[in-house]
Amino acid sequence: MYGIRMSFVLLMVVLVLPTLSTASEAIPEIILDYPWDHSPITVYIDNISVPEHYSPTYYTQIEEAMKYWEKGGNRNLKFTPVFELVDSKDADIRIKWVENLENVEGAPSGVAGYARPRISDDRYLRVDIVLEVGNYQGKAWRQYGDATMLSIAKHEFGHALGLGHSSDRRDIMYPEHEQRDNINPLLLSKYGPLLRAAVFVALIFLLYLGVSWHHSRKKRKKLEDEYFK
Ligand SMILES: [Zn+2]
């Protein structure tokens, strides 16, 4: 009986932890205060290998998104970023478009863009931003307009500057439709251990409750056997 309960708890640890570590609620508003150890931050925009429905006007939206953050963005940055466009894939931030994230990258349905950072010692080494150019609404394919592209780009740049998600609906870092946006679980690495520890403590407590319930039942059974024969 005890063995069964124990293996159940272990199974829960295995099942619950991965779910928790990808829960977006756990993403703090600021993930890294100073994610880049140098300035300017170089940006490479891949407008050469573009998907079928790419619009040349999207390039301008990236430039606008960069200006937005250079001018202070949503006021949540602790530093003022300076960007420099470069023509090399060795850039700090690399941006590319794909036709549809679900099809091309196997992203969950409705995801419009993501920022994937490579982190070392609380610094970003590189951030890859991938944006899709449109999405299915029902069965119909709809290409994103410039305004949508701009807001997706601003949002993903926010991640590339160390920001997480905001709970304020008016903030650019609010996951407008959580589905339309995705953040790499890697970003949780800083907070993952804390979360895991909390879950572990909770599970130990549950286990303790289970064991003491088992004990008291045994005790009662013994008393019953002694007195109610
Ligand atoms: Zn996001």
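Setting aside residues up to four places away in sequence, I62 touches I45, I95, W97, L131, A153 and F157, where contact means heavy atoms within 4.5 Å. I62 also belongs to the largest nonpolar core, which has 35 residues. A nonpolar core here is a set of buried Ala, Val, Leu, Ile, Met, Phe, Trp, Tyr and Cys residues joined through side-chain atoms within 4.5 Å. Buried stands for under 20% relative accessible area, exposed for over 50%, and partly exposed for anything in between, with a 1.4 Å probe and protein chains only. I62, W69, F83, I93, I95, W97 and F157 are the members that touch the most others. Strand 1 (41–45), helix 2 (57–70), strand 3 (93–98), strand 5 (123–132) and helix 4 (146–160) each put in at least two residues. A second, separate core has six residues, including A107, V111, Y114 and V130. In soluble globular proteins, nonpolar side chains tend to be buried together.

A word on the model itself. It is predicted, so local features need pLDDT of at least 70 and side-chain atom pairs count only at pLDDT 80 or more, while totals for chains, interfaces and linings use all residues. Residues are numbered from 1 along each chain as its sequence is written, and side-chain values use heavy atoms, leaving out hydrogens and water.

Zooming out, the protein chain has five helices and eight strands; helices (H or I, at least four residues) and strands (E, at least two) are DSSP runs, numbered from the N terminus. Along the sequence, the pattern reads α-β-α-β-β-α-β-β-β-β-α-β-α. Of the 229 residues, 41% are buried. Among contacts between residues at least 6 apart in sequence, 75% join residues at least 24 apart.

V98 sits in strand 3 and counts as buried, because its relative accessibility is 7%. Beyond its neighbours within four places in sequence, V98 is in contact with P51, V104, E105, V130, L131, E132 and V133. The C-alpha atoms of V98 and G113 are 9.4 Å apart, though 15 residues separate the two along the chain.

Strand 6 (residues 134–137) and strand 7 (residues 140–143) run antiparallel and are joined by four bridges; strands pair if DSSP finds at least two bridges between them. Y136 has W141 in strand 7 as its bridge partner. Two residues lie between the strands of this hairpin, and G138 takes a positive phi near 70°.

Finally, there is helix 5 (residues 192–227), where L206 is found. L206 is exposed, because its relative accessible area is 52%.
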